[in-house]
Amino acid sequence: VTLKVVVLVKQVPDHEAAIQVVSEQELDIEKRYVCSYFDEVAIEAALALQKAHEVELVALAAGSKHAVDALRRAVAMGIDRVEQIEQDNLAQSDSLAVAHALASRLKVLEPDLVLCGKQGGDDEQAAVGPMVAQLMEIPHVSAAVSLSLDPANSSATVERMSEGEVWTLQTGLPLLVSAEKGLAEPHVPVVTRVMKAMKAKIEVVPVEPLLDLPDTEIRMQRLRYLPPPTRPPVKMLISPFPGNVAELVDALGEAGVLPGKGDPS
Amino acid sequence: MSPGEIWVVAEFRRDGLTRVSEQLVGAARDLAAHKELTPLAVLIGGEKSQAEELTRLAPHVLWVDNPALTPYEANRHVVALSKLIDSRGAPAAILAGASAAGLEFMPGLAARLRAAYLSSCTRLWWEGEQLAVRRAVFGGRVYEEFVVRTSPAVLTVRPGAFPRPEPLTSPGELESAKPGSTEFEGPKVTQTRSTTSGGRDLSEASRVVAGGRGLGSPENFQLIEQLAEALDASVGASRSVVDAGWRPHDEQVGKSGKTISPELYVACGISGAIHHVLGMNTAKVVVAINTDAEAPIFQSADFGVVGDANQVVPELIRELGRK
């Protein structure tokens with residue numbers, strides 16, 4: 001049995017890229033795009049499945065033109081076939097609109113398994129995976145730390161992480177699984193593969209909308225971007241040890257953050 | 001469809017009702033009071049005692065009493081909630097904690113309802129007749145604010161964003177609903193096991209003590225555990241010590257780990273790489289202990305001690321003991 005596995009990938013600014021709030025309506029983001037970390041975990045997990053089973057692998061991205069950077073990373077890591085959805089303005093859309101574009105293409109690809117990162121490294125919505133599954137009317141499991149497939153029975157065993165607990169689930173295919181850290185350890189591709197990926201063919205695919213989904217503006221409107229509140233300058237406790245530690249305890253007592261008052265744990 | 005209610009989907013774990021569920025009941029009470037709405041705590045599956053516990057805080061509790069909905073499973077949760085909307089009408093908003101479960105079922109519910117979904121909100125308020133939210137993006141380097149235009153608005157909220165509400169003076173009303181079907185397709189939970197020693201999970205903790213490479217060895221993490229005990233705190237770790245195998249993944253604070261907003265965060269022997277800071281810079285009070293006075297962690301701290309954590313932490317435990 002050959003299984004079709006599609007990995008959803010997203011480009012995000014590198015976590016060291018400079019990001020400035022220019023105005024309430026505009027961000028200035030340094031153009032250093034990488035594949036989102038959790039999507040790399042999903043790619044690695046897909047490659048591991050390909051080693052264990054007969055698997056046809058596709059990586060799929062939607063979003064801005066920078067999606068190419070994430071897809072090239074997928075190629076460098078070892079995924080042969082990559083597709084980019086052709087649709088304008090997805091970068092300004094909500095998670096549901098992006099999920100809709102992806103689900104529309106996935107309906108055509110008919111995967112047995114869809115893998116993605118548990119959240120994007122930019123908006124951190126953690127929404128597109130579960131939404132894609134719902135729109136495709138297939139089950140999903142989020143934050144997976146292990147995944148094994150039984151192709152003969154068209155089933156899967158998934159372990160998901162939940163606040164200090166590991167939950168084991170049994171489920172049939174098709175299925176969508178989002179990757180938590182630990183599902184796989186993404187490898188850094190060798191330079192020759194990165195170079196080769198720069199020339200790889202990226203298929204741009206049009207999509208027929210699955211549903212008549214209204215535009216993002218019908219659901220929500222962004223009012224503004226804001227810089228985060230700034231922390232006052234650090235107060236260094238400079239008395240010689242152990243006096244500085246006593247000062248620290250006094251300061252924490254004054255700040256009201258020591259246990260015992262008001263807030264039982 | 002009359003959007004006359006605000007729902008909070010309550011979550012219970014091993015150690016009881018989650019704090020974020022409590023906080024959300026308080027938030028729903030406040031939001032509802034401004035618009036003559038009814039705050040409703042919704043319990044999907046679970047036990048009657050849990051529904052009764054909710055009546056301490058919520059003036060109205062709806063318990064979907066169906067054994068097939070226990071234990072929690074995301075796809076079933078979505079079906080149960082959308083059936084509830086079919087029978088009761090859509091509320092103005094559905095709120096849940098941004099926990100592993102909340103982040104799993106709430107986007108699916110929003111997609112099924114074609115509703116607005118925003119996750120990990122840190123503030124909710126009314127902007128005229130519309131509900132508005134604030135949330136952090138790019139690891140807290142930028143905040144964004146939205147107004148939400150669908151009924152319901154489907155929102156997850158970060159633990160610690162709202163205070164714990166006062167209990168009601170008299171218990172709320174408990175109503176139970178029996179959904180027609182008890183058969184659900186989809187994944188089945190076959191096992192759950194704990195990976196921690198039983199302490200409160202990081203994301204819900206009021207206080208967190210975290211350790212990094214500066215501790216020198218995995219054995220020295222005992223000091224972190226002891227300080228955590230003295231402070232009634234949970235234990236966190238930097239990426240480098242998790243990657244080195246000193247600590248489990250679910251203790252990692254940072255960009256590829258957890259984003260947390262405790263009242264107190266004590267960083268011991270952590271240099272403060274941007275990766276780490278992105279996970280903790282919304283903490284209220286930050287203490288940094290590091291041998292290097294130039295370490296970037298001090299720029300993200302309120303109080304700084306230059307010194308070896310292996311020396312400072314035991315003294316700190318002693319000093320706390322004297323109080």
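Colleague: Where does Pro174(A) lie?

Modeller: First, keep in mind that this is a predicted model. Pro174(A) lies in a loop of chain A, between β11 (165-172) and β12 (175-179). A cis peptide bond joins Leu173(A) to Pro174(A). Omega there is about 0 degrees.

Colleague: Which residues does the other cis peptide bond, with omega about 5 degrees, join?

Modeller: Phe241(A) and Pro242(A). Pro242(A) also sits in a loop, the one between β15 and α7 (243-255) of chain A. Most peptide bonds are trans.

Colleague: And the backbone of chain B? What is phi of Glu36(B)?

Modeller: Near 55 degrees. That is a positive value, and the residue is not glycine. Most residues other than glycine have a negative phi. Glu36(B) is in the loop between α1 (19-35) and β4 (38-44) of chain B.

Colleague: Zooming out: how many helices and strands does chain B have?

Modeller: Eight helices and 17 strands.

Colleague: Why quote an area?

Modeller: The accessible area lost when parts come together is often used to give the size of an interface.

Colleague: How many salt bridges cross between chain B and chain A?

Modeller: Nine. One of them pairs the side chains of Glu145(B) and Arg224(A), at 2.5 Å from N to O. Side chains of opposite charge can pair when their charged atoms come close. There are also 43 residue pairs in polar contact across the interface, counting pairs with both residues at pLDDT 80 or more.

Colleague: What about strands? Which ones pair between the two chains?

Modeller: Strand β15 (residues 235-236) of chain A pairs with strand β17 (residues 303-306) of chain B. The pairing is parallel, over two bridges. Met236(A) stands opposite Gly304(B) there.

Colleague: What sheet order does that give?

Modeller: An open sheet of six strands, in the order β15(A)-β17(B)-β16(B)-β15(B)-β13(B)-β14(B), with parallel pairing. The edge strands are β15 of chain A and β14 (234-237) of chain B, each pairing on one side only.

Colleague: Last thing. How many salt bridges are there over all chains?

Modeller: The count is 37. Among them is the one between the side chains of Lys118(A) and Glu180(A), 3.3 Å from N to O. Lys118(A) is in the loop between β8 (113-117) and α4 (128-136) of chain A, while Glu180(A) is in the loop between β12 and α5 (191-198), so the pair ties together parts that are 62 residues apart in sequence.

Definitions and conventions:
Residues are numbered from 1 along each chain as its sequence is written. Chains are lettered from A and ligands numbered from 1 in the order in which they are written. This is a predicted model: local features need pLDDT of at least 70, side-chain atom pairs count only at pLDDT 80 or more; totals for chains, interfaces and linings use all residues. Side-chain values use heavy atoms; hydrogens and water are left out. A salt bridge is a side-chain nitrogen of Lys or Arg within 4 Å of a carboxyl oxygen of Asp or Glu. A polar contact is a pair of N or O atoms within 3.5 Å; within protein, one must be able to donate a hydrogen and the other to accept it, and residues adjacent in sequence count only if both atoms are side-chain atoms. Two strands pair if DSSP finds at least two bridges between them. Helices (H or I, at least four residues) and strands (E, at least two) are DSSP runs, numbered from the N terminus.
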